[in-house]
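Please look through the sequence and the three-dimensional structure shown below before reading on.

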Amino acid sequence: MAGCMRLALFLLFATTTAKAEACDVTLQVNGTKMVQAAVVASSGTCTWTITNARTYGSVLVTFEDVNMTHHPSCDVGNSVVVYDGDSSGDILGLVCGNYSSSFRSSGSFLTVRYSAAVVTDTNAFALGYIQSLPGTCSGPSVTAVSTTEYNILSYGYPEGFIIPFDCYWTVKAPKGQRVRVSIETAGNVSSTCEDVKITFLDLENTGMSVTWCPGRSNVYQSWTNSAYLNLEISKQRSVRLKYRALEGSTCRGDDLTAAPEEQFLMTPGYPNPFPSYLECRWTINTPNPSSGAIRIDVLEMDLDTEGCTTDVIRVYDAVLSTRELVGTTCEGPRSFYVYGHTAVVEFKSLREINTKQGFKLKYYNTTAEPCGGSLVANSTMQNGTSPGYPVNYPNSFKCVWTISTENPEGHVKLTFLEVELYNVFSSSGDFVRVYDGNSTSGYLLGKVAKTNKPTFTSQEASLTVLFTTDYSGQITLLDKPGFVFGYEETQNTPPMHRLVKAPPASTILSPRYPGEVKDINATWTVRSKWASNQMLLSFLEVDLGDVSDCNNNYIMVYQGSTSSDVFSKICGNETGKFLNQGMELSVVFRTDSNLARRGFKATQDRPKSRTVDGCYGETNEVTAYSFGKDDLDSPLYPNNYPNMMNCSTLLKSIFDDHYIQLEVTDMNMPHPEDTGCTRDYVEFFDGPSSAAPSLGRACGQTLLKVQSTGNEVLVMFISDSNVGDKGYRIKYQADREETPHSAPIGLILGITIPCLVIIGAYVTYLVCKKRKGSAAI
């Protein structure tokens with residue numbers, strides 16, 4: 001942008017010309033923008049060497065008001081020639097006729113040479129030159145005026161420079177011709193776009209852009225007579241771009257309409273060799289865009305097949321003002337479906353000498369391939385395919401199949417037989433997702449991508465297949481883009497292991513719930529994303545038959561993996577709640593084949609109550625105050641507390657001379673037969689740990705009052721592996737010890753002595769008064 005501003009200022013102020021005093025001169029750019037009139041004598045050659053006065057930096061020269069004799073073919077003998085460096089350097093370009101151009105040196109100077117036969121007093125040009133700092137290379141434009149290649153060199157070529165570049169160039173060809181650019185890299189260039197990236201853009205067709213990086217085809221040809229180039233070059237890298245005008249043949253066909261009858265397109269002169277540098281483009285519209293599709297079949301093809309880089313056919317689906325690539329090919333036969341309103345077929349050949357015949361294709365309008373629907377699986381394997389298979393499937397597309405079994409107790413077995421999907425990254429591209437059940441809200445059994453060919457078996461009596469594609473095309477160098485799957489019914493019940501991630505909240509159902517099942521072997525791993533994440537697993541409904549059959553029909557809940565020694569067993573119609581101690585909980589569900597039962601329904605969510613502090617292996621510390629009673633509740637109170645709990649809360653006063661009063665005001669725990677409080681209970685310890693003396697336990701419906709001897713009490717809550725209950729509420733308060741003390745001596749003396757003085761004075765007064773009365777008698 002800064003380079004563009006400098007060039008704009010130069011063009012703004014360079015409005016006058018001054019004749020040069022000498023022909024062969026060295027001009028130094030010192031920051032002042034100057035313009036020279038190109039004038040030479042009647043014979044001879046004039047040479048200007050233009051040098052940047054800075055240690056680093058290049059020279060930018062611009063030819064304006066060019067008015068020279070026109071030559072059918074410009075070459076170094078009848079044009080102004082610009083060299084990079086001295087006159088033995090690479091030619092940056094020519095100036096002839098009335099074409100204006102700008103050139104930039106790769107180093108600190110360049111050379112301009114012209115002859116008297118080219119320039120006279122009335123046949124001249126104006127030349128402006130300016131300093132250019134390293135890294136500022138935007139704005140130049142060159143004109144390709146012949147079939148000879150000339151050069152665009154990045155600064156510091158071939159070694160590169162210590163800073164990266166982001167440059168913009170415009171290359172123009174005479175009207176009716178096209179621009180051809182080839183790229184050479186120099187310096188320490190690797191094979192990634194991080195080192196060198198060049199974007200080509202047709203100025204008259206901004207939807208057509210091509211990006212080049214090392215390792216890709218290094219030739220670009222424009223459709224029109226002008227091309228825009230963006231060069232992104234990292235430090236210590238450099239490139240040479242060779243450009244020229246191209247008079248190669250083109251073939252075009254716009255506003256063609258696909259009909260039910262077949263129509264044909266081919267390269268010029270087919271089956272004879274087509275012209276060099278050939279470029280063709282056809283636009284084909286469909287008469288029925290709502291339900292129809294355009295089918296394109298490449299019937300015969302004789303092209304250069306090496307990586308589809310020299311000769312290539314591209315098919316696009318034109319959607320409104322944009323175009324989506326359907327696929328590419330250079331060997332065949334090959335077929336394509338275009339599902340949008342318009343198909344665009346392009347062919348480019350970058351070879352200078354061609355001996356290939358080209359190709360012949362046909363196109364016609366047809367009914368769009370069906371996608372998705374309801375399928376019924378039986379004991380015989382049946383097949384389904386992606387839309388259009390083995391031809392390309394649509395872009396930006398979605399289809400859903402629901403496959404159900406004939407037998408309500410059966411399972412669907414789905415096998416992918418052929419898979420070729422286009423995936424750029426693991427998170428984007430074209431995928432097949434398979435869900436257990438009859439909708440995409442069921443459990444995700446797996447994802448199919450690239451060439452993977454997995455097999456899935458449902459736990460339900462149905463499964464759902466979702467196929468989605470993005471907008472990036474299939475790049476149909478693939479042999480058969482799309483997939484084929486086979487589906488059938490099976491009576492085998494496969495083992496099941498499913499992963500449930502938390503958060504978010506979710507519902508966990510046993511297979512086919514609330515329908516009845518038997519002979520189940522299923523495992524769920526409920527895993528939190530973070531170590532500090534609290535998960536509450538609640539079994540809301542359980543139907544496992546009679547509790548006496550607990551050895552064959554049961555649910556096991558483990559703290560951690562299934563190898564953990566901390567677990568709980570649920571039988572019959574018991575329910576329960578479980579709070580994770582680590583990052584996961586494991587659920588194992590087993591039933592035999594004797595009697596069908598509904599199974600279970602459970603939910604996984606964050607606990608809504610904050611009274612679970614201290615239940616994760618640490619001790620929760622709470623300050624007890626003396627100015628009011630506070631509550632300490634069991635986890636989730638007044639709702640049922642979880643199973644397998646071990647919670648510790650330390651109640652502590654900030655004053656050493658205080659003690660703690662506690663009163664259990666509400667207590668509801670199961671197991672009334674447990675008079676020793678060994679299963680679910682709350683216990684109080686007279687100190688900071690369970691090693692301190694016990695002040696008592698409460699369980700069942702026992703209410704209890706205790707008092708500490710010091711300023712700390714540890715409250716410990718234990719629940720076993722069976723069903724919980726409402727729990728407890730404890731009122732607690734700190735209080736101060738009441739112990740007698742002696743009054744201070746100073747205070748006693750301060751009160752006693754004044755009192756004695758007053759009494760003594762009063763007695764003296766009475767004695768004196770009595771004596772005085774006796775003397776008067």
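Val80 touches a set of residues that includes Phe63, Met68, Leu94, Val95, Val112, Tyr114 and Phe125, leaving aside residues up to four places away in sequence; a contact here means heavy atoms within 4.5 Å. The model is a predicted one, in which local features need pLDDT of at least 70 and side-chain atom pairs count only at pLDDT 80 or more, while totals for chains, interfaces and linings use all residues. Residues are numbered from 1 along each chain as its sequence is written, and side-chain values use heavy atoms, with hydrogens and water left out.

Val80 belongs to the largest nonpolar core, which has 61 residues, and is named with Ile50 and Phe63 among those with the most contacts inside it. A nonpolar core is a set of buried Ala, Val, Leu, Ile, Met, Phe, Trp, Tyr and Cys residues joined through side-chain atoms within 4.5 Å. Buried means under 20% relative accessible area, exposed means over 50%, and partly exposed lies in between, using a 1.4 Å probe and protein chains only. In soluble globular proteins, nonpolar side chains tend to be buried together.

Rings of Phe, Tyr and Trp (its six-membered ring) pair if their centres lie within 6.5 Å; planes under 30 degrees apart count as stacked, over 60 as edge-to-face and the rest as tilted. The ring centres of Phe63 and Phe103 are 6.0 Å apart and the planes meet at 80°, so this pair is edge-to-face. Because Phe63 lies in strand E5 (residues 58-64) and Phe103 in strand E8 (residues 102-104), the pair ties together parts that are 40 residues apart in sequence. Helices (H or I, at least four residues) and strands (E, at least two) are DSSP runs, numbered from the N terminus. Both Phe63 and Phe103 are buried. Phe63 forms a tilted pair with Phe125, at 5.2 Å centre to centre and with 55° between the planes. Phe125 lies in the loop between strand E9 (109-115) and strand E10 (126-132) and Phe63 in strand E5, so this pair ties together parts that are 62 residues apart in sequence.

A second, separate core of 36 residues includes Leu536, Leu636, Phe685 and Val715. Why is strand E51 (residues 681-685) largely enclosed by the rest of the structure? Five of its five residues are buried, so the strand is largely enclosed. Tyr681, Glu683 and Phe685 point one way from E51, while Val682 and Phe684 point the other way. Two strands pair if DSSP finds at least two bridges between them. E51 runs antiparallel to strand E54 (residues 712-718), to which five bridges join it, and Glu683 stands opposite Met716 in E54. With strand E52 (residues 694-698), E51 pairs in the antiparallel sense over four bridges, and Ser694 in E52 is the bridge partner of Phe685.

How many disulfides does a search of the whole structure find? It finds five. A disulfide is identified as a pair of cysteine sulfur atoms within 2.5 Å. Cys677 lies in the loop between strand E50 (658-668) and E51, and Cys699 in the loop between E52 and strand E53 (705-707), so the pair ties together parts that are 22 residues apart in sequence. Both Cys677 and Cys699 are buried. Another disulfide joins Cys251 to Cys280 (S to S 1.6 Å), and with 110° about the S-S bond the link is right-handed.

The backbone also deserves attention. Most residues other than glycine have a negative phi, and most peptide bonds are trans. Tyr277, however, has a positive phi of about 50° although it is not a glycine. Tyr277 lies in the loop between E21 and E22 and is buried, with a relative accessible area of 8%. Pro271 is found in the loop between strand E21 (263-266) and strand E22 (279-285), and the peptide bond from Tyr270 to Pro271 is cis, with omega near 10°.
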